[in-house]
Amino acid sequence: EFGGERKEVVLVILHGLCGSSKSGYVQSLASEASRRKGWTVVVVHSRGCGGVPLTTGYSFTAANTEDPREAIHNIHRQKPQATLVAVGFSLGAGILTKYLAEEGSHTPIRAAVACCPSFDFLTETRWFPLYTKAILAPALRRWFLKNKEAFVEHGTVSPDRVLQCRDVRDFDAEVVVPLHGYESVDHYYTESSTKDRVQHIAIPYLAVNAEDDPICSVASVPRDSCSLNGNLAFLITPAGGHVGHASGIFPKTLSWLDSVSIEFLSSALAHVASQEEEEEEEEEDGVDPDEW
């Protein structure tokens, strides 16, 4: 309840690299948000993910915010009276962060949480080379195979060269850079990074990172931005891995990220509603807050 009136809350979730609405971390948050708060949940799939065939000759990227922007605004058009909040995981957290920075106060999202985002794609952890070859690159190759026909039809890339990629950087060089007009992989990574953009976020925003995250380095977290923008909060834990933060009694099947995300979003919405009520009362009393 916000302002004494029950409003529908829509939680928009952006999944991680090659994820979908079937990903465990997505289903966990969706279930908890629905069970504990009664929120409506919408998962935005990246191109070619979630069993939805790719129909274009180009892929999703870490820098492309047009797809989630269209999805979010479409949700807002269909449910103009609902309150929208968002949570992004991993790559989806970075995309969500970039979108919010670009939109500023124009986004219909009222509060957001970024779980394990990278703020600088040029900064790697010491474990990243291992993870990119063992986990990330194979996931991208599987994604490509599922969507191979679209690329072949449009004649945009060489399937043989893509399937020979051994890490994420190779894949980005073969697929993302040429299809999206970047000068190089470093140029693409620079355009995807948000460490110098977060100060433009105009809604309550929480980023959660772990010091032992093997994929997204906490060294990239722009801690000083908090002093420049009161909407930002960065939570760095000593442990938690990448989209991990398991909790509960062994074997720890509960997600601490779910609880933190839901509690932050709920508190942020209550705070925003309180501020709006005060502004309405001031307008009714003929008081101009700007003159204080």
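User: How many salt bridges does the count come to?

Analyst: The count comes to 12 salt bridges, taking a salt bridge as a side-chain nitrogen of Lys or Arg within 4 Å of a carboxyl oxygen of Asp or Glu. This is a predicted model, so local features need pLDDT of at least 70 and side-chain atom pairs count only at pLDDT 80 or more, while totals for chains, interfaces and linings use all residues. Residues are numbered from 1 along each chain as its sequence is written, and side-chain values use heavy atoms, with hydrogens and water left out.

User: What does R47 pair with?

Analyst: R47 forms a salt bridge with D67, at 2.6 Å from N to O. The pair links distant parts of the chain, 20 residues apart: R47 sits in the loop between β2 (40-44) and α2 (66-78), and D67 in helix α2. Helices (H or I, at least four residues) and strands (E, at least two) are DSSP runs numbered from the N terminus.

User: Is R47 buried, exposed or partly exposed?

Analyst: R47 is partly exposed, at 22% relative accessibility, and D67 is partly exposed too, at 26%. Buried means under 20% relative accessible area, exposed over 50%, and partly exposed in between (1.4 Å probe, protein chains only).

User: Which residues form a network of salt bridges?

Analyst: E66, R69, K98, E102 and E103 are linked in one.

User: Now D213. Where is it, and which side chain of opposite charge is nearest?

Analyst: D213 lies in the loop between β5 (205-210) and β6 (232-237). D213 is buried and has no salt bridge; the nearest side chain of opposite charge is R126, 12 Å away. For charge, Lys and Arg count as positive and Asp and Glu as negative, with His and the chain ends not counted.

User: Which side chain does D213 make a polar contact with?

Analyst: That of H242, at 2.8 Å. A polar contact is a pair of N or O atoms within 3.5 Å; within protein, one must be able to donate a hydrogen and the other to accept it, and residues adjacent in sequence count only if both atoms are side-chain atoms. Beyond its neighbours within four places in sequence, D213 is in contact (heavy atoms within 4.5 Å) with C116, T125, G241 and H242.

User: What about phi of V243?

Analyst: Phi of V243 is positive, near 50 degrees, and V243 is not a glycine. Most residues other than glycine have a negative phi. V243 is in the loop between β6 and β7 (246-247) and is buried, at 19% relative accessible area.

User: What do the buried residues of α7 pack against?

Analyst: They pack against α4 (128-146), α5 (148-154), α6 (159-163) and α8 (185-192). The buried residues are V168, F171, D172, V175, V176 and V177.

User: And which residue caps the N-terminal end of α7?

Analyst: D167 does, with a side-chain oxygen 3.2 Å from the backbone nitrogen of R169. R169 also forms a salt bridge with D186, at 2.6 Å from N to O. That pair joins helix α7 to helix α8 across 17 residues. After α7 comes G181, with a positive phi near 75 degrees.
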